[in-house]
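Hi,

Here is the structure I said I would pass on.

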Amino acid sequence: MAKAATAPKPMKVMKQKAPMKAMKAMKATKVMKKAPMKAMKKVTSGRKAKAPEVLTGNFKSLKEATPVEFAKAMTQFGRTVTVPFKLQRLIGLLKSTKGIKIGNTLDLYDHCIQSATRALRDGADEETVVVALLHDIGELDAPNNHGEVPASLLRPYISPKNYWVLQHHEIFQAFYFQDAAGLEVRDTRERFRDHKYFKACEDFCEKYDQPAFDPDYKNLPLEHFIPMVERVLSKKAYWFKDELDEISQAKADVAGGYPSYD
Ligand SMILES: [Fe+2]
Ligand SMILES: [Fe+2]
């Protein structure tokens with residue numbers, strides 16, 4: 001049971017042959033002469049720039065998509081789903097938990113900020129601080145498996161260790177409330193005692209999650225953490241090449257179908 005999530009597999013080189021082929025086909029048809037990368041730089045530099053043409057791949061099913069038409073769709077996807085775009089949506093999820101009373105002295109937003117603040121002040125690495133910031137963004141939507149929400153959203157960008165911590169954190173949290181809740185099944189986290197990431201998850205919950213319900217604790221503002229989240233999201237998807245499990249390896253192999261200009 002403990003080895004399922006991140007069992008290492010021999011690394012295969014990430015291939016992006018299909019998209020490359022498609023991009024070459026696009027160049028041949030002048031679509032790429034719009035130079036979306038250049039256009040995006042002009043937009044972000046503050047100078048007035050003509051917005052690039054909105055591209056749409058002309059196919060009604062993926063079976064009939066040609067390299068040229070598919071490359072148009074990929075280009076438009078890359079222009080749209082940029083790091084700032086993903087950042088805005090992710091932080092939006094965090095902000096959506098603000099002000100919703102779920103029985104604690106702090107709402108989930110302040111709990112998450114406090115968790116991240118504690119991690120930062122403890123000297124945790126940046127990725128762990130980000131994981132602390134986002135660890136409960138799915139709790140209102142998927143209360144009984146909420147760790148899987150940020151784990152999945154961040155999976156391509158964070159280490160397998162932090163992916164495992166996010167996935168399992170609510171199980172480890174139960175250690176602290178099992179008496180108060182009168183849980184019949186106790187010490188559930190012990191089922192994972194031999195897992196290589198047990199200690200990491202135990203430390204995360206002990207130091208950053210379970211104490212982060214204190215209204216008198218001085219939280220840092222959300223803005224303090226935004227550049228950290230941006231840097232995590234800017235990492236190459238599935239950068240942890242030596243630790244890709246079967247599903248991540250397969251997704252890394254097809255990741256070239258979802259390009260980004262960031
Ligand atoms: Fe949680
Ligand atoms: Fe939490």
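Let's start with one residue: Leu133 sits in helix α6, which covers residues 126-134. Keep in mind that this is a predicted model. Is Leu133 buried or exposed? Leu133 has 29 other C-beta atoms within 10 Å, and a residue counts as buried at 20 or more, so Leu133 is buried.

Which residues does Leu133 touch, leaving out those up to four places away in sequence? The answer is Cys112, Ala116, Phe225 and Val229. Take Ala116: 17 residues separate Ala116 from Leu133 in sequence, yet their C-alpha atoms are 4.7 Å apart in space.

**The overall picture**

Zooming out, the protein has 11 helices and 0 strands. Going along the sequence, the pattern reads α-α-α-α-α-α-α-α-α-α-α. The protein has 262 residues, and 30% of them count as buried. As for contacts, if you take those between residues at least 6 apart in sequence, 65% join residues at least 24 apart.

**Helix α8 and its two partners**

With α6, the angle is about 20 degrees and the axes are 11 Å apart. The angle is under 35 degrees, so α6 counts as roughly parallel to α8. The crossing of these two helices is right-handed. On the α6 side the contact is made by Glu127, Thr128 and Val131, and on the α8 side by Asn162, Val165 and Leu166. By class, that contact of α6 with α8 comes to 3 nonpolar, 2 polar and 1 charged.

Now for α9. Helix α8 runs over residues 160-181 and helix α9 over residues 198-209; the two pack at about 65 degrees, with their axes 8 Å apart. Here too the crossing is right-handed. From α8, the residues involved are Lys161, Trp164, Val165, His168, His169, Phe172 and Gln173. They meet Ala200, Cys201, Glu202, Phe204, Cys205 and Asp209 in α9. Sorted by class, the contact of α8 with α9 holds 7 nonpolar, 3 polar and 3 charged residues.

Cheers

Terms used. Residues are numbered from 1 along each chain as its sequence is written. Chains are lettered from A and ligands numbered from 1 in the order in which they are written. This is a predicted model: local features need pLDDT of at least 70, side-chain atom pairs count only at pLDDT 80 or more; totals for chains, interfaces and linings use all residues. Helices (H or I, at least four residues) and strands (E, at least two) are DSSP runs, numbered from the N terminus. A residue is buried if 20 or more other C-beta atoms lie within 10 Å of its own, exposed if 12 or fewer, and partly exposed in between; C-beta atoms are placed from the backbone. Two residues are in contact if their C-beta atoms, placed from the backbone, lie within 7 Å. Axes are lines fitted to C-alpha atoms, for helices over the stretch in contact, and angles run from 0 to 180 degrees between N-to-C directions. A crossing is left-handed if the near helix is turned anticlockwise from the far one by less than a right angle, and right-handed if clockwise. Ala, Val, Leu, Ile, Met, Phe, Trp, Tyr, Cys and Pro count as nonpolar, Asp, Glu, Lys and Arg as charged, and the others, Gly among them, as polar. Angles under 35 degrees count as roughly parallel, over 145 as roughly antiparallel, 65 to 115 as roughly perpendicular and the rest as oblique.
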